Amino acid sequence: KLVSVSPKTGASIREQMGRPEKAIWVVPGVRSCKVLLDKDGGLGEVIEEARTFRWEKLQSRADQYAAEDLVLAVESAFKVLSAMQRDEAAVSYAGAKLLSWLTSIVAVQRGVLIETDHTYYEQVQQSVGVDSVWTSYHKIAAGISASDNGIEIPSLPLPVRALATLHLYRETMLLIEHIMSAEQLEIAMQVVRYTGTSDPSTL
């Protein structure tokens, strides 16, 4: 049997369930816990709280987190652009970092409770829409092979995937622009202006 042991207290779990960026991971995990020994009943209470957890109470904090993080990710986006002028190793690192950041922003803002690492990308893509522009760029950036009439299409080269992460930044901004302030939007728009991703045909 594979057993996961985590040195956490009930109080620390509750604290994480109150933070949207942690809750998307913690809540599903706690819900699936099986109690072997609960001397004071505290663990059972925490598990029950996880099972009755409602995302609505965290939505405003999730919105704030997502908007602020997208602004912070501006630097990462420009690093991708800079890396594209250098070498593949730099492109790979910068692109992967930005992809991870943008995925997290969307997952948190939409309250996607992640069941496992294996379903993370798929769950976030489904929350946006499997046929959405965001998901299309996300798949390209992640190097997920597509298929056409059953014929596998190989992953695109690193520079193309890196450029897809910049387009993904724009699409992420469009997804959450309704919860961003005018100042935050203006900062995020710098990426769109300077990377040329205002035109989707540039990919």
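This is a predicted model: local features need pLDDT of at least 70, side-chain atom pairs count only at pLDDT 80 or more; totals for chains, interfaces and linings use all residues.
Q: Where is Leu-58 placed?
A: Leu-58 belongs to the loop between α3 and α4.

Q: Is Leu-58 buried or exposed, and why?
A: Leu-58 counts as buried because its relative accessibility is 4%, and the cut-off for buried is under 20%.

Q: What separates the C-alpha atoms of Leu-58 and Gln-109?
A: A distance of 9.6 Å separates them, with the two residues 51 residues apart along the chain.

Q: Turning to the largest pocket, what is its volume?
A: The volume of the largest pocket is about 920 Å³.

Q: Which residues lie nearest its centre?
A: Ser-4, Val-5, Ser-6, Gly-29 and Cys-33 do, out of 21 residues in the lining. The helices α1 (10-17), α2 (20-31) and α3 (42-51) each supply at least two lining residues.

Q: How do the residues of that lining divide into nonpolar, polar and charged?
A: There are 12 nonpolar, seven polar and two charged residues in the lining of the largest pocket.

Q: What does helix α9 reach from its first C-alpha to its last?
A: Helix α9, residues 182-195, reaches 20 Å with its 14 residues, close to the 20 Å expected at 1.5 Å a residue.

Q: Which residues of α9 are buried, and what do they pack against?
A: Gln-184, Ala-188, Val-191, Val-192 and Thr-195 are buried. The buried residues of α9 pack against α4 (59-83) and α8 (158-176).

Q: What follows α9?
A: Gly-196 follows α9, with a positive phi near 75°.

Note on methods: Residues are numbered from 1 along each chain as its sequence is written. Side-chain values use heavy atoms; hydrogens and water are left out. Helices (H or I, at least four residues) and strands (E, at least two) are DSSP runs, numbered from the N terminus. The expected span of a helix is 1.5 Å times one less than its number of residues. Buried means under 20% relative accessible area, exposed over 50%, partly exposed in between (1.4 Å probe, protein chains only). Contact means heavy atoms within 4.5 Å. On a 1 Å grid over the protein atoms alone, a cavity is a set of points where a 1.4 Å probe fits but cannot get out, and a pocket is an open set with protein on both sides within 12 Å along at least five of seven lines; lining residues have an atom within 4 Å of a point. Grid points are joined across faces, edges and corners, and a volume is the space filled by probe spheres set on the points. Ala, Val, Leu, Ile, Met, Phe, Trp, Tyr, Cys and Pro count as nonpolar, Asp, Glu, Lys and Arg as charged, and the others, Gly among them, as polar.
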